[in-house]
Amino acid sequence: MKRFNKKEIRCLGGTYLLSFAPLDSDIDLRGESVGMSNMLVRTIKIALDVPGEQQKDTLLHELVHIADWETARPVDRLDEADVVRLSKALYAILRDNPGLAEWIASDDQ
Ligand SMILES: [Zn+2]
């Protein structure tokens with residue numbers, strides 16, 4: 001499995017420290033602990049002992065939490081089901097369109 005090798009992720013003006021480690025929070029739909037983010041100290045932790053596809057899905061999930069935290073008023077924040085729905089949809093779109101994320105992020109017209 002090819003692991004994302006950057007240790008920092010820039011997210012809406014903040015830099016989050018990314019690590020892969022055993023976890024005990026942010027439960028997935030099967031009740032497994034797969035990811036955790038802390039917006040106050042800007043860390044993202046992803047479970048080390050799950051398949052790579054689940055790590056990617058989880059990282060996207062945590063980034064949706066962070067985007068929500070950084071952009072929404074507290075009363076308007078998404079609930080966990082919203083985050084799951086949006087992150088799963090974005091993950092499916094990215095998986096169905098290889099190169100899409102690179103094109104969006106590029107300077108190409
Ligand atoms: Zn979550």
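## Loop residue Leu12

Leu12 is found in the loop between β1 and β2. Helices (H or I, at least four residues) and strands (E, at least two) are DSSP runs, numbered from the N terminus. This is a predicted model, in which local features need pLDDT of at least 70, side-chain atom pairs count only at pLDDT 80 or more, and totals for chains, interfaces and linings use all residues. Residues are numbered from 1 along each chain as its sequence is written.

Leu12 is not a glycine, yet its phi is positive, about 55°. Most residues other than glycine have a negative phi. Leu12 counts as exposed because it has 11 C-beta neighbours inside 10 Å. A residue is buried if 20 or more other C-beta atoms lie within 10 Å of its own, exposed if 12 or fewer, and partly exposed in between, with C-beta atoms placed from the backbone.

## Loop residue Arg42

Arg42 sits in the loop between β3 and β4. Its phi is also positive, near 55°, in a residue other than glycine. Arg42 has 15 C-beta neighbours inside 10 Å, so it counts as partly exposed.

## Overall layout

The chain has three helices and four strands. Along the sequence they follow the pattern β-β-β-β-α-α-α. The chain has 109 residues, and 20% of them count as buried.

Contacts are defined by C-beta atoms, placed from the backbone, that lie within 7 Å. Of the contacts in the chain with a separation of 6 or more, 45% come from residues 24 or more positions apart.

## Helix α1

Helix α1 covers residues 52-71. It has 20 residues and reaches 28 Å from first C-alpha to last, close to the 28 Å expected at 1.5 Å a residue. The expected span is 1.5 Å times one less than the number of residues.

The buried residues of α1 are Gln55, Asp57, Thr58, Leu59, His61, Glu62, Leu63, Val64, His65 and Ile66. They pack against β1 (8-11), β2 (14-21), β3 (35-38), β4 (43-47) and α2. Gln54, also in α1, is partly exposed because it has 16 other C-beta atoms within 10 Å. The C-alpha atoms of Gln54 and Val34 are 8.0 Å apart, across 20 residues of chain.

## Packing of α1 on α2

Two packed helices are described by the angle between their axes and the distance between the axes. Helices α1 and α2 (residues 80-96) pack at about 125°, with axes 9 Å apart. That makes α1 oblique to α2. Axes are lines fitted to C-alpha atoms, for helices over the stretch in contact, and angles run from 0 to 180 degrees between N-to-C directions. Angles under 35 degrees count as roughly parallel, over 145 as roughly antiparallel, 65 to 115 as roughly perpendicular and the rest as oblique. The crossing of α1 and α2 is right-handed. A crossing is left-handed if the near helix is turned anticlockwise from the far one by less than a right angle, and right-handed if clockwise.

On the α1 side, the contact uses Asp57, Leu60, His61, Val64, His65 and Asp68. On the α2 side, it uses Val83, Val84, Leu86, Ser87, Leu90 and Tyr91. By class, this contact has seven nonpolar, three polar and two charged residues. Ala, Val, Leu, Ile, Met, Phe, Trp, Tyr, Cys and Pro count as nonpolar, Asp, Glu, Lys and Arg as charged, and the others, Gly among them, as polar.

## His65 in the helix contact

His65 lies in helix α1. It is buried because 21 other C-beta atoms lie within 10 Å. Leaving aside neighbours within four places in sequence, His65 is in contact with Ser37 and Val83. The C-alpha atoms of His65 and Val83 are separated by 6.5 Å, although 18 residues apart along the chain.

## Ile44 in strand β4

Ile44 belongs to strand β4. It is buried because 23 other C-beta atoms lie within 10 Å. Beyond neighbours within four places in sequence, Ile44 is in contact with Ile9, Tyr16, Leu18, Ser37 and Glu62. Leu17 is 27 residues from Ile44 along the chain, and their C-alpha atoms are separated by 6.0 Å.

Key
Two residues are in contact if their C-beta atoms, placed from the backbone, lie within 7 Å.
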